[in-house]
Every structure is written in C-alpha cells, then in structure tokens.
Amino acid sequence: MLIWHRPTEFAFASMISACGGDANCGRQVHALVLKTSFDSCVYVGNALIMMYCKSCGGADEAWNVYEAMGFRNLVSWNSMIAGFQVCGCGNRGLELFSQMHVGGIRFDRATLVSIFSCLCGMRDGLECCFQLQCLTIKTGFISEIEVATALVKAYSSLGGVVSDCYRIFLELDGRQDVVSWTGIIAAFAEWDPKNALLLFRQFLQECLAPDRHMFSIVLKACAGLATERHALTVQSHVLKVGFEDDTVLANALIHACARCGSIALSKQAFDKMGSRDIVSWNSMLKAYAMHGQGKEALQLFSQMDAQPDGATFVGLLSACSHAGMVEEGTKIFETMSNNHGIVPQLDHYACMVDILGRAGQISEAKELIDKMPMEPDSVVWSALLGSCRKHGETKLAKLAAVKLKELDPNNSLGYVLMSNIFCTDGRFNEARLIRREMEGKTVRKEPGLSWIEVGNQVHEFASGGQQHPEKEAICARLEELVRRLKDLGYVPQISLALHDIEDEHKEEQLYYHSEKLALVFALMNVGSMCSSGNTIKIMKNIRICVDCHNFMKLTSELVNLEIVVRDSNRFHHFKAKVCSCNDYW
C-alpha cells in the first residue's frame, strides 16, 4: 500500500491496532506516523496509547503520546485510563479520572468500567469505591449492566461486604446477563461458597447458558466446601455442555478436588486431560504438596513436558516442606536458578525457610533470611516464627515476632505464637502481657472453627461447642472417647493452654477444640457421612494444634477409620496412628 498510496489516519489507526503485542512493529508504525505528520490525528493517537499499554506495559510511552496530542476526545481520556489499568497503574488512572471530572469533561460507561477496574487491588480503594458508587447513582449510570458488574467486581476484590454486592446485582432487576451473574458468583465464591453454588443453581433455573469462565468460578467456589461432591456435580454440567476438553476447567477441577480432600480425584482429572499447560502441571504439583505427598510431587516433576516457571518451584518446595524432605528441597532450591533459569523470589525463600525450620535447622533458616537479596516479607518471618514455636527457640522467636508485627500489625499470628511459646515454658506472666498488648492494639485472634458434612448438611463447630444443638450428646461422647484414648496412651498437652489455671481446666480447654467436636459428631453419624469410603473429612480455618494432632492419630487407630483434617496450612491424613505429614506439621 505504501508503494502506491498515502495512508489515511484510519489506515494508520487500524495498522497500529493490528500490531497488538508487538512493540517493535508498533514503534516502526509510530515513526512513520511522525514522518507523515499524522500524529496530530486523534484516532491515531488513541490507537498508539492502547498499543503501548498492551504491547509492553509502556504506561510512560503511552502518556507521552497522550500529552503530545493537540486535541483529545472522550476516547482519548478513556484509552489513557484503560491503559493505566492494563499496566497496573491504577492510582494514575484514578488521578486522571479526577482531573477529567474536575475539568467538567463528561464521562461515559466505558470510563466508569475502566476506573472501577483500576480500583481492583488498591490498598485503600474501598473508600474510593464508595464515592464512585455515589457518582454512578447520581449520574444514572448505575442502571447500566456493565457499570454495575464492574462495581460488584471492585467491591469484591477490595473486601467489601458481599451483601452489598448482591444488592447492586439485584437492582439490575431482571436485566442480568452471564457476565453479571459470573461477577456476583465470583464475589460469593471467596467468602460464602455455599451461596455461590445456590446462585449458580438459580442461574441454571433461569435457563441461561454458562460459559467457561463461569464454570471456572463455580469450581473455585467448590474448593472452599467440605467434600468433593459439589465439584463433581459441576463437572457433570461441564461434560453436559461439551466443555470436557477445556484445559482451564480441568485445571480448576484438579484444584477443587485437592482442596476438598480428594487427591485421587485430582490425579484422575489430571490423567484424563488431552492436553496440559503449565498451569495443569503446577496445579497437580500443588495438590501433592497440599497433601504432603513429596515423593509423588518430585516424580511428577521429572515427567513434566512443559517449561517450569516460578510457581512450579513453589509447589515443589512446599511439597518438600510438608513431607520433611530437607535434602531434596535444598537441592531443588540450589539448582532452580542454574538448571532452569528461575531466580528465587520471596515465595521460594519462604518455602526454604519453612523446610529448614520444620526440620529444626533454625539457625540455618535465619542465615538464609540474612542472605536474601530482598527484604523478607511477613510470610518469611511467620515461617521462621512457626518453626521457633515448634522447636522452642525463644530468642529468634522474639525477633521474628517483632518483624512480623511491624510488617503486618493487624495479624494476630505473631502475638499468639509468642504467647504459646511463653506458655510452653511456663512463663504465664509474659504470655499475659502479650495478650494485653493484643487487646491494647485491638488485634483479634481468629476464632477456631471446624466444618464437617453429614447428611448433605454442613455442620459448624466453634471451640467450646456451645452453639451446636446436639452439644450435650457430643460432649458426653467426647468424654467417653477421651477416657478410651487415655487407655491407649493419650496425654493432653496442657503446656499449650494459654492461661495460668489449674491442670484439670487446661485439659478441659483442650478437649473442646473445634476439630475434636467435629470428629465426635462425625463418629456419632458415620452412617450418614457423605465422605467416600471409611474416611472422615474435617475442614478447619486455623492451624491444627499439637494436642489435636496427637488426638487424631490415636483416634484413627481406635476407630479404624481414616481421618482427614484440612487446616489453614495443608491436609493431614491420619490412619492407624500415623499422619501423612510424618509430624512435620
């Protein structure tokens, strides 16, 4: 074309868009634009802005084009705001929108969709979200389905109240499409997976057709539930609509089954895949890691036919950590850079600190932290603190706790672990001071909760068990179980009690931990259990304690059942007085 004709601004704009992610091609076309003086055309400038943002994350190059434009239309403003969002510069997008609004420039729904997307992930974005919602109501854009959907997504990502998201969704009043339904289900999937599935059922009842993205969100919700039956039900819908060969959905199923306690179903889904991407391999590696199957993870890694990435090695190192494979984990960490070109990042260092610390090599873990090429984050320090707690290393524990409180002052972990360390040493006055410090800073410890599914119904237990309708029967059965376990050698770990009280009261505190109550309720209803085979599955929101760990091991032998406990960290498979973690919990 250049040989015979002089391009118009529309030809240039189309060509720039066609360059897509090829920054070099885009820069060559930009050079020709400058030579032919078409840089003054607003269509060309708008295309250049999006090209630079999409091709190489060049927010600064896009901004240079934007500032050089002699005339800008609404698309110019929208393109630059959307470009900042694409480049991860949400703050700059928000500042530009503020200039636009103060300058009296009218915005449209595309502007609001981009600006809500800019808010996602911002630390202090919730207040801005409230203000922008008021603006959308005032201008009437709240009735636009795209704007309402973007608002729901922003609220959800910023930790807003999920009921507020649902209220916005309902205000669309029958005009919801598959995108808005997916948005509200995604909002519930993180915090209320049970209601996410109820919404999905309602979506199907309204005869709407789910797409791949919705199925992946619903499978994510299934990962937060107590058993794998929900994930398998969703998978049957996936097969029914013909998405059985979809790699993304297969990856989501691997993750969901693993999170629900069935590593066998994860492996089955993985083996059935016609084609696998790096996410498939990583998902299966993380599934093995979650269940403490380190040898299986290493064997799978040796079979990989995809180029490993950073996430691959996080999965491998986690697997070694949970299986107590110090030598193997150290070798992987040392060779990942030389053999695979993966430079260790914070996640890898945190895993390595965990590997060394769990094995009792506390000083080696601290030396590794000192040698890190970047500042350690709260995950690194919490890994060290947890290891200090396990092995009674008070001096380093204090350092780790101080660092953790500096980096994450609202996290109760540092306070609670230090309090436990002092209690273990019998230093109850110091433990009490830690608790008072928590109260003074209004830091709250997350209450221990456990869930178990019996008769297609999920039952929740809190420590003490006072809220369950069958609490008296559960407590009576628990006392009987404790007596039988003591005959087998069970000794309550009363050193873990958090207050300086009589020993008999310390034992009583330990008996009524939420996972013990859930276990007893499951034993009372073995015939109604939804878990497959002779397996009891318990989900827990915080890490299992030493006493409950020992309790589960002995009970598994006494009742001849496999007991699976998922805590905040990993899965524990208790069978015949042995745990899958080999006590590297």
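Predicted model: local features only at pLDDT ≥ 70, side-chain atom pairs only at ≥ 80, totals over all residues.
Q: How many aromatic pairs does the structure hold?
A: There are 19 aromatic pairs in the structure. Phe270 and Trp281 form an edge-to-face pair, because their ring centres are 5.2 Å apart and their planes stand at 75°.

Q: Where do Phe270 and Trp281 lie?
A: Phe270 belongs to helix H16 (residues 263-272) and Trp281 to helix H17 (residues 278-290), so their pair ties together parts that are 11 residues apart in sequence.

Q: Are those two buried or exposed?
A: Phe270 is buried, and Trp281 is buried as well.

Q: Then what about Phe333 and Tyr349, how are their rings arranged?
A: Phe333 and Tyr349 make an edge-to-face aromatic pair, with 5.3 Å from centre to centre and 75° between the planes. Because Phe333 lies in helix H20 (residues 326-340) and Tyr349 in helix H21 (residues 346-358), this pair ties together parts that are 16 residues apart in sequence.

Q: Why does Phe333 count as buried?
A: Phe333 counts as buried because its relative accessible area is 13%, and the cut-off for buried is under 20%. Tyr349 is likewise buried, with a relative accessible area of 10%.

Q: Which residues form one aromatic cluster?
A: One aromatic cluster is formed by Tyr166, Phe169, Trp181, Phe188 and Phe203.

Q: Moving on to strands, in what order do the 6 strands of the open sheet come?
A: The order in this open sheet is E2-E1-E3-E4-E5-E6, and the pairing is mixed.

Q: Which strands stand at the edges?
A: Strand E2 (457-462) and strand E6 (578-579) stand there; each has a single partner strand, so one side of each is left without a neighbour in the sheet.

Q: In what sense do E5 and E6 pair?
A: Strand E5 (residues 571-575) pairs with E6 in the antiparallel sense, over 2 bridges. The bridge partner of Phe574 in E6 is Cys579.

Q: One last topic: where is Ser321?
A: Ser321 is located in helix H19 (residues 310-323). Ser321 counts as buried because its relative accessibility is 3%.

Q: What joins the side chains of Ser321 and Asp354?
A: The side chains of Ser321 and Asp354 are joined by a polar contact of 2.7 Å.

Definitions and conventions:
Residues numbered from 1 in each chain as written. Heavy atoms only, no water. Phe/Tyr/Trp six-rings, centres within 6.5 Å; stacked < 30°, edge-to-face > 60°. Helix = DSSP H or I, 4+ residues; strand = E, 2+ residues; numbered from the N terminus. Buried < 20%, exposed > 50% of the residue type's maximum accessible area, 1.4 Å probe, protein only. Pairing = 2+ DSSP bridges. Polar contact = N/O pair within 3.5 Å; in protein donor to acceptor, adjacent residues only side chain to side chain.
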